[in-house]
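Visitor: I would like to learn how to read a structure like this one. Please take me through it feature by feature.

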Amino acid sequence: MAHAIVIHEHGGPEVMRFEEIAVGDPGPGEVRLRQTVVGLNYIDVYQRSGGYKLELPACIGMEAAGVVEAVGAGVETVKVGDRVGYVMGTPGAYAEERIYPAERLIPLPDDISDEQAAGSMLKGLTVSYLVRRTFPVQAGQTVLLHAAAGGVGTIACQWLKKIGATVIGTVGSDEKAEIARAHGCDHPIVYTREDFQARVMEITGGAGVPVVYDGVGAAVYEGSLGLLARFGTLVHFGAASGPAPAVEPKLLAGKALYFTRPGLAPHTATRELTLDIAGALFDKIREGVKIEINQTYALKDAAEAHRALEARETTGSTILTV
């Protein structure tokens, strides 16, 4: 029997149980995966805590890498033995084995490891659409990136530097400032002791920035709007500090600002969309963007990983080994 992390009620990390599960055979269009590495993301916390309601009991998690063990009728995009990764779709990644739609699978090239894939599917694909589609950054632009030392942040800093952008990033400590700087952040700002609004205006000579990438939410929302240059864009893609308030149109009108709330789901809604942003990610990894796996836990110890993530004790990516 395979095992999985199962929740029978929403709550803290203590509700996560490592239990036997019955996986079964894949149906038409499906595969059975033997998973090797699972990625940890903040969306998993929302699923566990009830921020995103799941039908219980449920297995949580949104990304993993593994090997195709069996295929159902009509599957032509992958075969038994293929190494694959995935992201999004129905929650259930915290498992040794699972059934998954074949059309959502991302074939892994030989030069991309399972650890790199599981540590970057959600985070790296998020960066891919943010900087290529949501607000296509151009060489010479200055951008503000919140949580620059996190999993998305460390990938984004590197990617933005390869584009030729100047990166201002907010972080919570001197240690995280050094991590952000090491990954390409030109101006780390320790928001716990510095006024990030004043520092950004100082760095930009009062001009502000054309774009703010915000995965933090409530704590930085108003400050971020205030830092945008005329016609600037606030890209609100996460809410680690709580949801941002409702957008007041009059706050945008003065400088003709744009506010957008993109997500990974629409950008992975079809196989073509998924492979496009995944291909761009793999190319950037080949160009030297590092996927920093800074924390590793066994799948059965996922509760410990959640505690560390919620306490903001993690940097880069965290993976769960199966």
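Visitor: In which sense do strand 10 and strand 11 pair, and over how many bridges?

Guide: Strands of a sheet pair through backbone hydrogen bonds, either parallel or antiparallel. Two strands count as paired if DSSP finds at least two bridges between them. Strands (E, at least two residues) and helices (H or I, at least four) are DSSP runs, numbered from the N terminus. Here strand 10 and strand 11 (residues 187–190) pair in the parallel sense over 4 bridges. Within that pairing, T170 has I189 as its bridge partner in strand 11. Between the two strands the chain passes through helix 5 (residues 174–182), and this β-α-β crossover is right-handed. Right-handed means that, with the strands pointing away from the viewer, the path from the first strand over the helix to the second runs clockwise.

Visitor: Before going on, what kind of model is this, and how are the residues numbered?

Guide: It is a predicted model, with residues numbered from 1 along each chain as its sequence is written. Local features need pLDDT of at least 70 and side-chain atom pairs count only at pLDDT 80 or more, while totals for chains, interfaces and linings use all residues; side-chain values use heavy atoms, with hydrogens and water left out.

Visitor: Is strand 10 largely enclosed or open?

Guide: Buried means under 20% relative accessible area, exposed over 50%, and partly exposed in between (1.4 Å probe, protein chains only). In strand 10 (residues 166–171), 5 of the 6 residues are buried, so the strand is largely enclosed by the rest of the structure.

Visitor: Which strands form the antiparallel sheet, and in what order?

Guide: That open sheet has 3 strands in the order 2-1-4. Its edge strands, strand 2 (16–21) and strand 4 (58–59), each pair on one side only. Strand 1 (residues 2–7) is joined to strand 2 by 6 bridges, and H3 stands opposite E20.

Visitor: How many disulfides are there?

Guide: A disulfide is a covalent bond between the sulfur atoms of two cysteines. The cut-off used is a pair of cysteine sulfur atoms within 2.5 Å. The search of the whole structure finds 0. For C157 the closest cysteine sulfur is in C185, 4.7 Å away, too far for a bond. C157 is buried at 0% relative accessibility, and C185 is buried at 2%.

Visitor: Which residues touch the most other members of the largest nonpolar core?

Guide: In soluble globular proteins, nonpolar side chains tend to be buried together. A nonpolar core is a set of buried Ala, Val, Leu, Ile, Met, Phe, Trp, Tyr and Cys residues joined through side-chain atoms within 4.5 Å. The largest one has 52 residues, and L125, V131, V137, L160, Y213, L264 and F282 touch the most other members. Helix 3 (121–134) gives the most to this core, with 7 residues. Another core, of 34 residues, lies apart from it and includes V15, C59, Y94 and A303.
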